[in-house]
Amino acid sequence: MNKINLFLDDVRQPNNVGWNDDNWVVVRTAKEAFEILKQGNVVDLSLDHDLGMEIVEHPTSMTMRGKYIEGYNNYAPTGYDLCKWMTQENVWPSGHIYIHSSNVPGRIAMKQLIDRYRPEPESEIIIHEDF
C-alpha cells in the first residue's frame, strides 16, 4: 500500500499554503478524506476548516458503524467534522497533522480536539497562518 500525504481543502492547492503540489493527494470534501483515511496509508494530513456549502439530505454529520453520513444545516461537513470522526473511530495519520485554515475559531477547535484525543501527543500540529 502506497503511503500518501492528504490535503483537504475545497478551494486551495497545497502550493497555496507552502507545500509542493506533487507531494500531496488533494481532496475537496470531508467525505473523500474520510474514505482515504480509512485505508490506513496517510502519513501527513493538512486540514482546512470551512469546506464550502452544499445541499445535503441528512440532518447531522456523523459516523455510524464506520460509514460517513454527510451534512448539517445545508453546509458541507467541515474539517472539524473530520477531526470528530477521527476521534470517534481512532483513525489518525501516521505522521503530522497540519491545520492550514484561515478560520481562527475553527482551527483552534480542530487543534484542541486533536491535542486532546490523538494517541500520539508528541506529533507536531502546525497552524499555517501566512496566507
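A polar contact here is a pair of N or O atoms within 3.5 Å; within protein, one must be able to donate a hydrogen and the other to accept it, and residues adjacent in sequence count only if both atoms are side-chain atoms.

1. **Basis.** This is a predicted model, in which local features need pLDDT of at least 70, side-chain atom pairs count only at pLDDT 80 or more, and totals for chains, interfaces and linings use all residues. Residues are numbered from 1 along each chain as its sequence is written, and side-chain values use heavy atoms, with hydrogens and water left out.

2. **Overall make-up.** The protein has 3 helices and 7 strands (DSSP runs numbered from the N terminus: helices H or I of at least four residues, strands E of at least two). Their order from the N terminus is β-β-α-β-β-β-α-β-α-β. Of the 131 residues, 46% are buried (buried is under 20% relative accessible area, exposed over 50%, partly exposed in between; 1.4 Å probe, protein chains only). Take the contacts between residues at least 6 apart in sequence: 59% join residues at least 24 apart (contact is heavy atoms within 4.5 Å).

3. **Strand β1.** How many of the residues of β1 are buried? The count is 5 of the 5, so the strand is largely enclosed by the rest of the structure. In a regular strand the side chains alternate between the two faces of the sheet. Ile 4, Leu 6 and Leu 8 lie on one side of β1, Asn 5 and Phe 7 on the other, and all are buried.

4. β1 runs parallel to β2 (residues 25–27), joined by 3 bridges (strands pair if DSSP finds at least two bridges between them). Val 25 in β2 is the bridge partner of Leu 6. β1 also pairs with β3 in the parallel sense, over 4 bridges. There Leu 8 has Leu 47 as its bridge partner, and Phe 7 stands opposite Ser 46. β3 in turn is joined to β6 by 3 bridges, again parallel. Ser 46 has Tyr 98 as its bridge partner in β6. In β3, 5 of the 6 residues are buried, so this strand is largely enclosed by the rest of the structure.

5. **Nonpolar core.** The largest core holds 25 residues, and Leu 6, Leu 37, Leu 47, Leu 82 and Ile 114 have the most contacts inside it (a nonpolar core is a set of buried Ala, Val, Leu, Ile, Met, Phe, Trp, Tyr and Cys residues joined through side-chain atoms within 4.5 Å). Two or more residues each come from β1 (4–8), α1 (30–37), β3 (42–47), α2 (79–89), β6 (97–99) and α3 (104–117). α1 gives the largest share, 5 residues. Beyond four places in sequence, Leu 47 touches residues including Leu 8, Leu 82, Ile 97, Ile 99, Met 110 and Ile 114.

6. **Ile 36.** This residue is in helix α1. Ile 36 is buried, at a relative accessible area of 16%. Leaving out residues up to four places away, Ile 36 touches Ile 4, Leu 6, Val 25, Val 27, Asn 41 and Val 42. Its C-alpha atom is separated from that of Val 25 by 9.8 Å, at 11 residues along the chain.

7. **Aromatics.** Trp 19 and Trp 24 make a tilted pair, 5.1 Å centre to centre and 45° between the planes. Trp 24 is buried, at 9% relative accessibility. Phe 7, Trp 19, Trp 24 and Tyr 98 form one aromatic cluster.

8. Which residue reaches the backbone nitrogen of Tyr 80 with a side-chain oxygen? Thr 78 does, to within 3.2 Å, at the start of α2. Thr 78 is in the loop between β5 (67–69) and α2, and is buried at a relative accessible area of 8%. His 49 sits in the loop between β3 and β4 (62–64) and is buried at 12% relative accessibility. Beyond four places in sequence, His 49 touches Thr 78, Gly 79, Tyr 80, Ser 101, Asn 103, Gly 106 and Met 110.

9. **Rest of α2.** Gly 79, Asp 81, Leu 82, Cys 83, Trp 85 and Met 86 are buried in α2. Asn 90 follows the helix, with a positive phi near 55°.

Technical notes: Phe/Tyr/Trp six-rings, centres within 6.5 Å; stacked < 30°, edge-to-face > 60°.
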